[in-house]
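Me: I would like to go through this structure with you, beginning with the strands and then turning to the aromatic rings. Could you keep the answers brief?

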Amino acid sequence: MASVMKTLFLNPPSFEKFDGGAGSRWPATREIESYWYPVWLAYPAGMLPGSRLLDGPPHHILPAEVVRIAQDYEFVVLFTSTVGFRSDLRMAHAMKEKKPDIKIAFVGPQVQIKPAESLAASPDIDFVVRGEFDHAVVEYAQGKPLSEIAGVTYMADGKAVHNPSRPPLETAELDALPFATEVYERNLTIENYNVPFLLHPFVSFYTTRGCPALCTFCLWPQTLSGHAWRTRSVESVAREFREAHKRFPQAKEFFFDDDTFNIRKDRVLALCKEFQPVGFQWSCTARSHSDYETLKAMADAGCRLLIVGFESSDPQILKNIKKGVTPETGRAFVKNCKKVGIRVHGDFIIGLPGETRQTIENTIQYAKELDCETIQVSMAHAYPGTELYEQGVRDGFLEGEAITDDGGHQLPHLHYPGLSKEYMVESVNRFYDSYYFRPKVVWRIVRDALWDSHERKRLYHEAVDFMKLRADRIKVARSRRGVEKKAIVAVPAMDSRSGVGESQGA
C-alpha cells in the first residue's frame, strides 16, 4: 500500500458569517454570528497522521488563503452544502489551477443526494462519498483504489460509477473512532465558536448518529446520518467528556450535538451517572418527550439547557411534517424543565405545509405561553433530499430552489394560497419582536449579563447584529424583488487577491 497522502479536511469559507457545512444542519448566514463545530470532518482527520482540519468560516480564513494552504497537501476533503456548492466548485478549480495533481473529494448531503450531477458539475472533483465518509476518505488517503472503496461515486469513461453503499457505523465502530475533541485541540481555536444560547466558549461533539424521528423537513437524518439511531457506548462518551474537560479548561460548557440526545431514557440516566461526578455544565438537543424523572436526573448531572424543536402550535401542521409530538407534549415538557431548573431554547418554523396567517399568530402566542429562555424562528426550507422537498415539487408549493439571498440569509421559497412569501418574511420579524420585546424577557437577558462582563460584551455585539438583520428583513419583506423566484442561490466569486469578488449567479 502506498504511503499515506497528506490530507486537508476543509469546511470552506463562503458568505460572511455563513455556517454552512460539516456541523450545521441548517446551512445559512445566522441572525447573530454563529458557528457549529465541524464534527464530521474531525473523525477522519483524527485517523490520518499529518492531516489538518481547516474550518474556514469561524477562523475568518479567506478563499485565497485556503487555496494557498491547500498547495501543501496532496488530498483535500471538502464538506459542501446546497447553498455553498457553486462557491465550493470555484474553490476546487482554483486549487487545481495552482496544483493540477491535487486530489479533491466532496462530501456532505449535497453530493450524497446528487452524486452524478455533482461530479458532472465540475471535472475538478475526483470523487464524492455517499453517506458516512469517515473510512472512505481514509482508505483513499492510504492508497486504496477508488474502485474498491464502498460508498464512493466517481467518473470512469465519461460515466458515473456508484460503488456499493457502506453500512452505517454501529457502536463498536463508533467507539473505535478517535475523539473529535482531540482534533479540535490540535487544529481549532474554541473561542472562535459562538452560539448565542450556549455559554462561551463551548465545545461540542456527538454521542450518537442518526435519528428515528421522521420530520419531513430535517436534512441530516434523511441524508447524511440516517434514521437508524446508533449510539456510542456510555463508557466512550463519559471518557471523552472527562478528557475534554481537562483538554479545554477555558470551556464554560459542553454541548452534545446529536440529532436527538434524549431518545432513550435508560441511556440518558446511565450517562447522567457518569457526568454527575465531573461536576461540569452541559447542554444538548432534545425532543419534548422526556418525563420529569429523566429531566431531574439530567439537571442533577449538570444539564443547563435543552434545544427543542417545537416548530408549530398547530396539531395538523405537526402531523403534516410527521413531528411525532403535540402542542400539549411541549407544554408539559417545558413545565417540567422549569421545575428542575433546565433552560429551554425553543425552535419554531414559519411556512410549513398547512401554514396560514392564523396558525402563525397561534404559534407566536404558543411560544409566549411556553416562555422558553431563548428562541429561534426560521423560514421553512425544503432542502433537496428531504420529504418536504419531494412534497413541494409534487404539490406545487416549491417555487425555485433559492434557499438564501446573495449574503447567505434565509429566503422563503415555499408558497401557499393566501400566504405570500413577503408575509412570511415579515412574520419572522414580528415573531421575534413580539417575543423578545416583553419586559420580563428583556429583564431576564439583562439580568444574566449583569453578573458577567464577558456575557455583557457578547450581548452587545449580538444585539447590534440582530437589529441590523432585522432591518434587512424589513427591506426584503417590503420589496418583491427580495423574494423573487430564483433557480438557485448566487454565491460570491473568488478573487485571487482578497478571496472575495462580485456576486455571480450559479
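Me: How many bridges join strand 1 to strand 5, and do they run parallel or antiparallel?
Reply: In this predicted model, strand 1 (residues 7-11) and strand 5 (residues 75-79) run parallel and are joined by 4 bridges.

Me: Which residue in strand 5 is the bridge partner of Leu8?
Reply: Leu8 has Val76 as its bridge partner there.

Me: What holds paired strands together in general?
Reply: Strands of a sheet pair through backbone hydrogen bonds, in either a parallel or an antiparallel manner.

Me: And in what order do the strands of the open sheet come?
Reply: The order is 4-1-5-6-7-8-9, which makes 7 strands, and the pairing is mixed.

Me: Which strands stand at the edges?
Reply: Strand 4 (52-55) and strand 9 (159-162) do. Each has a single partner strand, so one side of each is left without a neighbour in the sheet.

Me: By what angle are neighbouring strands turned against each other?
Reply: On average by 25°, with direction ignored.

Me: Which strands does helix 1 lie across?
Reply: Helix 1 lies across strand 1, strand 4 and strand 5. Relative to strand 1, helix 1 runs at about 175°.

Me: Now the rings. How many aromatic pairs are there?
Reply: The count comes to 30 aromatic pairs. One of them is formed by Tyr37 and Phe202, which are edge-to-face, at 5.4 Å centre to centre and with 90° between the planes.

Me: Which parts does that pair tie together?
Reply: Tyr37 lies in the loop between strand 3 (28-29) and helix 1 (39-47), whereas Phe202 lies in strand 10 (residues 202-205), so the pair links parts that are 165 residues apart in sequence.

Me: Are those two residues buried or exposed?
Reply: Tyr37 is buried, with a relative accessible area of 0%. Phe202 is buried as well, also with a value of 0%.

Me: What about Trp40 and Tyr206, how are their rings arranged?
Reply: Their planes are at 70° and their centres 6.0 Å apart, so the pair is edge-to-face. Trp40 belongs to helix 1 and Tyr206 to the loop between strand 10 and strand 11 (208-209), so this pair ties together parts that are 166 residues apart in sequence. Trp40 and Tyr206 are both buried.

Me: Which residues form the aromatic cluster?
Reply: Phe205, Phe241, Phe254, Phe256, Phe261, Phe275, Phe280 and Trp282 form one cluster.

Me: Last topic: over which ring does the charged end of Arg357 sit?
Reply: The charged end of Arg357 sits over the ring of Tyr423, 3.9 Å from its centre. Likewise, the charged end of Arg438 sits over the ring of Tyr435, 4.4 Å from its centre.

How values were computed: Residues are numbered from 1 along each chain as its sequence is written. This is a predicted model: local features need pLDDT of at least 70, side-chain atom pairs count only at pLDDT 80 or more; totals for chains, interfaces and linings use all residues. Side-chain values use heavy atoms; hydrogens and water are left out. Rings of Phe, Tyr and Trp (its six-membered ring) pair if their centres lie within 6.5 Å; planes under 30 degrees apart count as stacked, over 60 as edge-to-face and the rest as tilted. Helices (H or I, at least four residues) and strands (E, at least two) are DSSP runs, numbered from the N terminus. Buried means under 20% relative accessible area, exposed over 50%, partly exposed in between (1.4 Å probe, protein chains only). A charge sits over a ring if NZ of Lys or CZ of Arg is within 6 Å of the ring centre and within 35 degrees of the ring normal. Two strands pair if DSSP finds at least two bridges between them. Axes are lines fitted to C-alpha atoms, for helices over the stretch in contact, and angles run from 0 to 180 degrees between N-to-C directions. Contact means heavy atoms within 4.5 Å.
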